[in-house]
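Please look at the sequence and the fold shown here before reading on. The report then takes up the strands and the charged side chains in turn.

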Amino acid sequence: MRGYDGSTYEVGDRVEIHPGTDLWMRGARYGRVVGTSLTPKDRVKVEMDFLPGSTFAGSEDTFRRVS
């Protein structure tokens with residue numbers, strides 16, 4: 001998967017959601033990739049730190065890998 005900054009990431013990596021999203025503006029900025037779904041619109045599933053126990057799905061360029 002390739003993030004919005006061009007970096008690659010995979011399941012298990014920590015990611016930041018794009019600053020232009022509503023979730024980022026509400027404080028849910030970081031999370032961990034927990035899976036993907038292969039569909040015509042490939043989706044990345046991320047468990048956000050700010051919302052434990054729930055997952056957010058977005059396109060692969062909605063996230064970027066962070067250290």
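The sections below cover the basis of the model, its sheet and its salt bridges.

## Basis of the model

This is a predicted model, in which local features need pLDDT of at least 70 and side-chain atom pairs count only at pLDDT 80 or more, while totals for chains, interfaces and linings use all residues. Residues are numbered from 1 along each chain as its sequence is written, and side-chain values use heavy atoms, with hydrogens and water left out.

## The sheet

Five strands make up an open sheet, arranged in the order β4-β3-β2-β1-β5 with antiparallel pairing; strands here are DSSP runs of E with at least two residues, numbered from the N terminus, and two of them pair if DSSP finds at least two bridges between them. The edges are formed by β4 (55-58) and β5 (63-65), each of which pairs on one side only. On average, neighbouring strands of this sheet are turned by 45° against each other, with direction ignored, the axes being lines fitted to C-alpha atoms, where angles run from 0 to 180 degrees between N-to-C directions.

Within the sheet, strand β2 (residues 30-37) and strand β3 (residues 43-48) run antiparallel and are joined by six bridges. Ser 37 has Arg 43 in β3 as its bridge partner.

## Salt bridges across the chain

Side chains of opposite charge can pair when their charged atoms come close. The structure holds three salt bridges, each defined as a side-chain nitrogen of Lys or Arg within 4 Å of a carboxyl oxygen of Asp or Glu.

One of them links Asp 49 with Arg 14, whose closest N and O atoms are 2.8 Å apart. Because Asp 49 lies in the loop between β3 and β4 and Arg 14 in strand β1 (residues 14-17), the pair ties together parts that are 35 residues apart in sequence. Asp 49 is partly exposed, at 43% relative accessible area, and Arg 14 is partly exposed at 26%; by the cut-offs used, buried means under 20%, exposed over 50% and partly exposed in between, for a 1.4 Å probe and protein chains only.

## Further charged pairs

Glu 16 forms a salt bridge with Arg 64, the closest N and O atoms being 2.7 Å apart. Glu 16 belongs to strand β1 and Arg 64 to strand β5, so this pair ties together parts that are 48 residues apart in sequence. Glu 16 is buried, with 7% relative accessibility, whereas Arg 64 is partly exposed at 26%.

A salt bridge also joins the side chains of Asp 22 and Arg 26, at 3.1 Å from N to O. Arg 26 is exposed, with a relative accessible area of 53%.

Conventions. Helices (H or I, at least four residues) and strands (E, at least two) are DSSP runs, numbered from the N terminus.
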